[in-house]
Amino acid sequence: ALPAPVLAQKSLGGGGGAGPVMTRDELRACLAQQATLKAQVEQYEKDKADLEREKASIQADQAAIDKERGGVQSSAARINEVNERAQALSKRVDEWNIAWQAFEKANRSGPMADRQRKRLMDDKRAMEREEAELEAARAGLGGAGSGAAEVNAKVDALNARTVAWNQRNGTMVKRGEDLQQERDLWASECGSRRYREEDEIAIRGGR
């Protein structure tokens, strides 16, 4: 934090003052500049605090988005798993249809044909159970697939806020540097100068 410039001791002429004694007009100008610098420093500190609060808000939103993004990635992994299972099941169904057509075309009978028919029907029931499980899995996913678009929109908005914050922060750093230079200049031109206390009293009294 930039400390507001203050007059050394009770007056600028007390103790280590140097140079010629300031005229009343010079003192009036130095006191006015001191008040201006004090107001500028107070506004700088207020704006800097606002900027820090905005930074904390951005960081909190970033953490929330990271968590949400993790959920979307998990959903995407489940979606991929369901799709892979569906593709595998579709291949099994195609193979079963070919096998069933070949079985019917052969028109066989006897114990071996019965066992083949039973195996085919068992496979069909297993595939039907798999299809039911896949439907339940799809229903459980709900609108998980659309979550990625929402998260991406939030990421874009947060990136824009971050860019704007960085620009404001750069401006704030420059303001701090300029204020420090003005304070140093005031200290050299006014802070080390001596003045008559009666001039200060007169100035404070509006004369």
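**View 1. W100 and F103 are both buried.** Buried here means under 20% relative accessible area, exposed means over 50%, and partly exposed covers what is in between (1.4 Å probe, protein chains only). This is a predicted model, in which local features need pLDDT of at least 70, side-chain atom pairs count only at pLDDT 80 or more, and totals for chains, interfaces and linings use all residues. Residues are numbered from 1 along each chain as its sequence is written, and side-chain values use heavy atoms, with hydrogens and water left out. W96 also counts as buried, because its relative accessibility is 11%.

**View 2. The whole structure holds 2 aromatic pairs.** The rings of W96 and W100 are stacked, because their centres are 5.4 Å apart and their planes meet at 5 degrees. W100 and F103 make a tilted aromatic pair, with 5.6 Å from centre to centre and 35 degrees between the planes. Rings of Phe, Tyr and Trp (its six-membered ring) pair if their centres lie within 6.5 Å; planes under 30 degrees apart count as stacked, over 60 as edge-to-face and the rest as tilted. W96, W100 and F103 together form one aromatic cluster.

**View 3. W96 and W100 both belong to helix α1, residues 24–106.** Helices (H or I, at least four residues) and strands (E, at least two) are DSSP runs, numbered from the N terminus. W96 and W100 are 4 residues apart, about one turn of the helix. W100 and F103 are 3 residues apart in α1, so about one helical turn separates them.

**View 4. The largest nonpolar core has 20 residues.** Such a core is a set of buried Ala, Val, Leu, Ile, Met, Phe, Trp, Tyr and Cys residues joined through side-chain atoms within 4.5 Å. M22, L27, C30, I65, L179 and W186 touch the most other members. Helices α1 and α3 (147–191) each supply at least two residues of this core, and α1 gives the most, with 9 residues. Apart from this core lies another, of 10 residues, including W100, A113, L120 and L134.

**View 5. Helix α4, residues 197–204, has D199, E200, A202 and I203 buried.** Seen down the axis of α4, these buried residues fall within an arc of 160 degrees, so they line one face of the helix. The arc is that of the directions from the helix axis to the C-beta atoms. I201 and R204 are exposed, on the face of α4 turned away from its buried side. After α4 comes G206, with a positive phi near 90 degrees.
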